Amino acid sequence: MTNEEIKQSVSALFPAVTYDETGEFLNLLISSGDLRPLIEALRKNAEYDFDFLFCLTCIDWKTHLTMVYHLLSKKHKHAIVIKAKIADTINPEIETVSDLWKTAIFHEREVYDLFGVKFLNHPDLRRLLLDESWEGYPLRKNYVDENMITI
Amino acid sequence: MSLLGAPELTEEGEFVINIGPQHPSTHGVLHLKVWLDGETIKKVQPHLGYIHRSIEKMSESLSYRNFIYVTSRMDYLSAHINNQACALAVEKGLQIEAPPRAQMIRILMAELTRLSSHQLWWGCTGLDLGAVTPFFYAFREREAIMEIMEESCGARLTQNYCVPGGVMYDVHPNFQNRVKDVIKQIKSKFKEYEEILSGNVIFEQRTKGVGYISAADAVSYGCTGPTARGSGVSCDVRKWFPYDGYEKVQFKEILEHGGDCYARYMVRMAEMKQSAYIIEQLIDNIPEGDFQAKTKMVLKLPKGEFYQRVETARGELGVYIVSDGAASPYRIKYRSPNFSNLSALEHMAKGAKIGDLVAIMATIDLVIPDVDR
């Protein structure tokens, strides 16, 4: 499917989605609460068939967090990016996608570890790279590292 | 709390042991917690972070010229290809392209890197499975490639050769002749490699049917590179999303359909031949001209997002730059191939014997600094 076709068929199903086409990929913007039905349809509907989640990450914009999902379909060879805005930066929460793509089990643990985003219904949500006793989330912009030396 | 490393017994009668972080077969500081029933693996839990340096956080305070050098320390066996990915991502943001000579040099170096990385992997796989000789064979040829790297890049392992807009220096005058000699030498050894390990009965029995993963699971786990291609998943970035002129080069994407350790082994063995073939095609056709495009002293990327992927020796490396218009990136994500490949380890190892775990780890070709970043 071309970007235009994806846009048309997605907006028929999910009117809440907005679009951004300035970058390399077609971006689908949505709020974190509405993410799950959209992403489930993109994974399961045969016409989209996004079977490869090649990148999952988070961006801290200080006022809010954005979860970024890069999706590719091996069969149809189309790719999109989904951006879910999490407005609550104190207790950020979002539904997991680890049941749709198993690679998300590790990637979501990494985001939980470094950004503090809690993934609801995740099978094994523990810190991945840092110790359980570590305080704070290093990739957040408000994280202060007392040991950092500026030369 | 029990002492780290001391075995525990669960209520179900399963034995819990720790492999690593200083176990020789994990090739780095990987710590695996393994639940065993007799010798059968019930569950594997990787514990990461022993070499976590938060390269992503570091990159946020470095300029677009400097952050490239930190990435040599991720997958240190594909250091040049990591640098290439970052240079390409910055070039995408600046909307410039490296001159044809620079692109060709980059591909040649990338394929030499892939060859040397696969050779090291081949030697270590043999060593892990009880064959000592391959290690010496592999290092004999690998050394010659390292010398070429040293001559042109000034370093053997962390080359730091790519810069935004091209490569740092032109290649050494000896480059072409030495590469030709090395490729000739390596090509004559492929048969030797196959005779000593591929056709070995013990080796075949330890790898055939071990660590199976289906094509659908490999995609779901985000496996890329030879790990996925061993299950028949087409995922070679050089074919899917060509960069630096790979679209003009002739080579085959190697696919095996076994899905087991032996299939992954065969993919890498055939890939070495393909890399040698690519180098042979290009080495006499390096175009004349500049080796670097003209760029400003301080690079500033426009506001926006840039995603660049390349095929390292282990799979798809993605560099995702989010720029707010400043001289250093606002956020960088490295989608490392090993991180996703490792997540499939439990799936492959479940139900296998403890001795097979070593074979599975060897054929995923783990480099731990790339997992932890």
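## Basis of the description

This is a predicted model, in which local features need pLDDT of at least 70 and side-chain atom pairs count only at pLDDT 80 or more, while totals for chains, interfaces and linings use all residues. Residues are numbered from 1 along each chain as its sequence is written, and chains are lettered from A and ligands numbered from 1 in the order in which they are written.

## Overall form of chain B

Chain B contains 15 helices and nine strands; these are DSSP runs numbered from the N terminus, with helices being H or I of at least four residues and strands E of at least two. The C-alpha trace of chain B spans about 65 × 50 × 35 Å along its principal axes.

The radius of gyration of chain B is 21 Å, which agrees with the value near 21 Å for a compact globule of 373 residues. The radius is taken over C-alpha atoms, and the globule rule is 2.2 Å times the number of residues to the power 0.38.

## Domains of chain B

Chain B is assigned domain 1 (8-47) and domain 2 (55-372), with bounds that come from an automatic or database domain assignment. Taken over C-alpha atoms, the centres of domain 1 of chain B and domain 2 of chain B are 29 Å apart. Their contact takes 13 residues from domain 1 of chain B and 18 residues from domain 2 of chain B; two residues are in contact if their C-beta atoms, placed from the backbone, lie within 7 Å.

On the side of domain 1 of chain B that touches domain 2 of chain B, strand β4 (residues 40-47) of chain B gives the most, with five residues. By class, that side of domain 1 of chain B has six nonpolar, five polar and two charged residues. Here Ala, Val, Leu, Ile, Met, Phe, Trp, Tyr, Cys and Pro count as nonpolar, Asp, Glu, Lys and Arg as charged, and the others, Gly among them, as polar.

## Helix pairs in chain B

The axes of helix α5 (residues 133-153) of chain B and helix α6 (residues 175-198) of chain B come within 10 Å and cross at roughly 165 degrees. That angle makes α5(B) roughly antiparallel to α6(B), a term for angles over 145 degrees. Axes are lines fitted to C-alpha atoms, for helices over the stretch in contact, and angles run from 0 to 180 degrees between N-to-C directions. The contact of α5(B) with α6(B) has 12 nonpolar, three polar and four charged residues.

Helix α4 (residues 100-128) of chain B packs with helix α3 (residues 79-94) of chain B at an angle of about 145 degrees, their axes being 8 Å apart. B:His80, B:Ile81 and B:Gln84 of α3(B) make this contact with B:Arg106, B:Met109, B:Ala110 and B:Thr113 of α4(B). For α4(B) and helix α11 (residues 261-283) of chain B, the angle is about 150 degrees and the axes are 9 Å apart. That makes α4(B) roughly antiparallel to α11(B). Among the residues that meet are B:Trp121 in α4(B) and B:Met272 in α11(B). The contact of α4(B) with α11(B) divides into 13 nonpolar, three polar and four charged residues.

## Contact with chain A

The contact between the chains takes 24 residues from chain B and 21 residues from chain A. On the side of chain B that touches chain A, β8(B) gives the most, with four residues. That side of chain B has seven nonpolar, nine polar and eight charged residues.

How values were computed:
Angles under 35 degrees count as roughly parallel, over 145 as roughly antiparallel, 65 to 115 as roughly perpendicular and the rest as oblique.
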